[in-house]
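We will go from stop to stop, picking a few residues each time.

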Amino acid sequence: MRSPCYGVLTWGLVTITQCLSSSDWRKQSIYQVMTDRFARTDLSTTASCDASQGVYCGGTYKGLVSKLDYIQGMGFTAIWISPIVKQMDGQTLDGSSYHGYWAEDIWGVNSAFGSADDLVALSDALHEREMYLMLDVVTNHMAYRGCGECVDYSKFDPFSSSSYFHSLCLIDYNNETSIQQCWEGDNIVSLPDLRTEDANVRSIWNDWIKEIVSKYKIDGLRIDSAKHQEKSFWPGFEDAAGVHIVGEVFNGDPAYVAPFQDYMSGILDYPSYYWITQAFQSSSGSMTSLADGVNRLKSIARDTSLYGSFMENHDQKRFLSLTNDRTLAKNAIAFTMLKDGIPIIYQGQEQSYTGGDIPNSREAICLSGYATDSEPYTWIPSLNKIRSWAIHQDAKYLTYQAYPIYYDDNAIAMRKGFDGYQVIGVFTNAGSGGSAGVNLTGSQTGFAAGEALVDVMSCTASAADASGGITATLEGGIPRVYYPADRLFGSGICSSLAGERSR
């Protein structure tokens, strides 16, 4: 299914139409923005923003437009922004609605982020850069400041009557009907649960999303709380939107998550999030569980290339709140970005932010000064470059399902890509004070005998042995990512070691 088209553009060696099908989204790399916490209109890097207070900090669409160079400089081709609709007002013991998930009026806009015209300007600015806009949307609930039994439904637009909502009940997470029909939230901010199974509610949402996508030239949607609605809601909603959607199914069991893709194009890869976090947060993490998990998901998922691959987001603790070893974070980031799926990096990963539970994981990026010399800021673009180049070299690269070719207590090697075009990533949880050695056979790597190779992360040359095998030594716990040297010709990646040297 396709979004509205915004013109024909030239992107490197490829001419594309500025409208994305789901298969087009496979090629993208997404930077997740919390609009309030990214950039102020005045671009201040010293204005107060204490994430623990859960208050508005002044981020706007205008500020975001002014800092698109910062995002594009890491190689991202799309951004995911916070929900845009008018929010519940006021400060509560649970904080304010700076995050965008407490809707009161779906036809209004959150003026704290800017005007409707400002949002159009953001969309236009992205499209002028040959980038794309993914919008976060919430269709499961509205929000009321107060207890569930005292909701004033007249405050909601257009759902201004209790008849639009399920009766108040607490969620029993062992019961699917309860998950879909009972209420999220609490008695500080209650989240009345909409009767999305009703035809009139569906009609309102479908009309709304059709208009929103058209008005703001939206290229894709991230769906909040997707598991809290009946699955049958999603096909009609996606058809009405006319764009690719990726749903938040907050569950670590691939058998629970995978069936949602029968109803929506994409899903956030929560199963892999848990495996990756556990494997890389310490040297005692389980590479076996990670390898087994990848294989299990691959065997049951409808299309892993349309999963959203992430290791941090606004609902989870920062990875570096679990360890102070930034080398472990490098491995986790590289694994996340090179495995199957559309890579998603949450703002702040590139600045090694360390926030713990909500709201502390929602730090303001402006306070970093938008440093472009931080280690992750320079690490991430190298991963985006090799992924983008591998896609350019072989159209089948994205649909080749990555799989573990080796693992032991402290290392795992992954292969993605057909012979002659494969990326071999070798990762470790040994940490900055450790190292790992991995011997891979030619049958595992697929490399030709004596083939010239480049570790694109360190720009180090090597060669496969007489059988096509390699020995990877990961000094200081730094991962290696191997690609055929001759295939790098014209990429600008490690130019002195690539095919340029012999042509």
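Start with the sheet whose six strands follow the order S16-S17-S18-S23-S20-S21, an open sheet with antiparallel pairing. Strands here are DSSP E runs of at least two residues and helices are H or I runs of at least four, numbered from the N terminus; two strands pair if DSSP finds at least two bridges between them. Select 403-407 for S16 and 460-463 for S21, the edge strands, each of which pairs on one side only. From one strand to the next, the twist averages 25 degrees.

Before moving on, a word about what you are looking at: this is a predicted model, in which local features need pLDDT of at least 70 and side-chain atom pairs count only at pLDDT 80 or more, while totals for chains, interfaces and linings use all residues. Residues are numbered from 1 along each chain as its sequence is written, and side-chain values use heavy atoms, with hydrogens and water left out.

Which residue in S17 is the bridge partner of Tyr403? Pick Arg415 to see that partner.

**Onto the helices**

Select 375-393. This is helix H12, which lies across S18 (423-428) and S23 (480-484) and runs at about 25 degrees to S23. Angles go from 0 to 180 degrees between N-to-C directions, and axes are lines fitted to C-alpha atoms, for helices over the stretch in contact.

Next, bring in H11, residues 326-338. H11 and H12 pack at an angle of about 25 degrees, their axes 10 Å apart. That makes H11 roughly parallel to H12, a label for angles under 35 degrees, with over 145 counting as roughly antiparallel, 65 to 115 as roughly perpendicular and the rest as oblique. To look at the contact (heavy atoms within 4.5 Å), show the side chains of H11 residues including Ile333 and Met337, and of H12 residues including Trp379 and Leu383.

Another helix pair is H9 (270-280) with H10 (287-300), packed at about 160 degrees with axes 8 Å apart. That angle makes H9 roughly antiparallel to H10. Among the residues that meet are Trp275 and Phe280 in H9, and Leu290 and Val294 in H10.

The term covers a side-chain nitrogen of Lys or Arg within 4 Å of a carboxyl oxygen of Asp or Glu. Across the whole structure, a search finds 23 salt bridges.

Stay in the loop between S15 and H12 for Pro359. A cis peptide bond joins Ile358 to Pro359, with omega about 5 degrees. Another cis bond joins Asp157 and Pro158, where omega is about 10 degrees; Pro158 sits in the loop between S8 and H5.

For a last stop, select Glu130, in the loop between H4 and S7. Its phi is near 60 degrees, a positive value in a residue other than glycine. Most residues other than glycine have a negative phi, and most peptide bonds are trans.
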